[in-house]
Amino acid sequence: MSKILFVTGATSGFGAATARRFARDGWSVIISGRRLERLNALADELGALVPVHPLKLDVQDAEAVRQAVQSLPAEFRRVHTLVNNAGLALAPAAMQQVALSDLHTMINTNITGVVNVTHALLPTLIETGAGANIINIGSTAGQWPYPGSHVYGASKAFIKQFSYNLRCDLLGTGVRVTDLAPGIAETEFSLVRNRGDRTAANAVYDGTVPLSPDDVADQIAHIANLPDHININRVEMVPVRQAWGPYEIYRE
């Protein structure tokens with residue numbers, strides 16, 4: 001019987017790449033996301049390889065998440081690896097220039113959504129036991145500040161500490177928890193953040209070599225397939241061309 005992956009935000013970027021990578025490895029996959037057309041297209045693609053269960057799901061809706069998990073078909077219930085990937089950044093301006101609704105959307109998706117899905121699947125993962133994984137997609141923004149990161153960076157700092165605290169709560173269950181924190185990566189992330197402005201989104205990647213979704217999916221697969229006695233607490237992965245800058249100094 002194949003292992004089962006549950007990945008959120010599977011309609012693009014890291015989520016879609018992760019679903020494809022695990023399907024190539026022979027895992028059954030549960031893919032969730034809000035864009036039904038994309039979700040169904042991915043399900044059709046992967047269904048030629050492995051069993052696939054698509055879930056149209058908004059992770060912000062706790063009751064919908066609970067019902068989705070409870071209604072999983074029997075052949076998809078013994079989830080081995082949860083990848084909490086759904087998340088976004090909005091409004092890359094200073095916080096004083098950002099609409100409060102944008103800040104709430106990031107909090108509700110990046111924090112509340114992760115809590116909703118994790119809480120709903122914890123009984124299943126504990127039942128699976130040794131070797132089960134919760135892999136939370138954080139960000140270097142959760143460790144290193146930069147202008148315009150405000151609530152986004154804070155939400156990814158939550159992911160880091162949430163992952164560490166889960167490790168404490170799950171000690172003895174065999175369930176492993178990892179905060180995987182990528183740096184700059186070329187996905188729809190910047191397009192969403194810049195509200196569909198492709199020129200602004202593309203400028204983020206001009207002249208450099210960012211991570212790709214496949215790079216991140218490969219790291220997720222590596223973590224999920226480690227021997228049962230190994231837990232990776234945190235991975236911070238960046239392209240070679242990304243490093244730290246100096247402190248900013250304001251001058252009159």
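Colleague: How does helix α1 pass helix α8, in a right-handed or a left-handed crossing?

Modeller: A crossing is left-handed if the near helix is turned anticlockwise from the far one by less than a right angle, and right-handed if clockwise. Here α1 passes α8 in a right-handed crossing. A word on the ground rules: this is a predicted model, where local features need pLDDT of at least 70 and side-chain atom pairs count only at pLDDT 80 or more, while totals for chains, interfaces and linings use all residues. Residues are numbered from 1 along each chain as its sequence is written, and side-chain values use heavy atoms, leaving out hydrogens and water.

Colleague: At roughly what angle do the axes of α1 and α8 cross?

Modeller: Axes are lines fitted to C-alpha atoms, for helices over the stretch in contact, with angles from 0 to 180 degrees between N-to-C directions. Helices (H or I, at least four residues) and strands (E, at least two) are DSSP runs, numbered from the N terminus. For α1 (residues 13–24) and α8 (residues 213–224), the axes cross at roughly 55 degrees and come within 8 Å. Under 35 degrees is roughly parallel, over 145 roughly antiparallel, 65 to 115 roughly perpendicular and the rest oblique, and α1 and α8 are therefore oblique to each other.

Colleague: Which residues of α1 and α8 meet?

Modeller: Contact means heavy atoms within 4.5 Å. From α1 you'll find G13, F14, A17, T18, R21 and F22, and they meet P213, D214, V216, A217, D218, I220, A221 and A224 in α8. That contact divides into nine nonpolar, two polar and three charged residues. (Ala, Val, Leu, Ile, Met, Phe, Trp, Tyr, Cys and Pro count as nonpolar, Asp, Glu, Lys and Arg as charged, and the others, Gly among them, as polar.)

Colleague: Let's pick out V216. Is V216 buried or exposed?

Modeller: Buried means under 20% relative accessible area, exposed over 50%, and partly exposed in between (1.4 Å probe, protein chains only). V216 sits in α8 and is buried, because its relative accessible area is 0%. Setting aside neighbours within four places in sequence, V216 is in contact with F14, L180, P182, L211 and M237. V216 and I137 are 79 residues apart in sequence but 9.5 Å apart in space, C-alpha to C-alpha.

Colleague: Now α4 and α5: at about what angle do they pack?

Modeller: About 15 degrees, with the axes of α4 and α5 (residues 150–169) 8 Å apart. That makes α4 roughly parallel to α5, and their crossing is right-handed. The contact of α4 with α5 has 12 nonpolar, four polar and no charged residues. Among the residues that meet are L103, M106 and I107 in α4, and H150, V151 and Y152 in α5.

Colleague: What about strands? Where does S32 lie?

Modeller: S32 lies in strand β2 (residues 28–33), and it counts as buried because its relative accessibility is 1%. Its contacts beyond four places in sequence include F6, V7, L39 and L57. H53, in strand β3 (residues 52–56), is buried too, with 17% relative accessible area. H53 touches V29, I30, I31, L72, P73 and F76, not counting residues up to four places away in sequence.

Colleague: And what is the phi of A91?

Modeller: A91 has a positive phi of about 55 degrees, although it is not a glycine. A91 lies in the loop between β4 (81–84) and α4 (100–128), and counts as buried at 12% relative accessibility.
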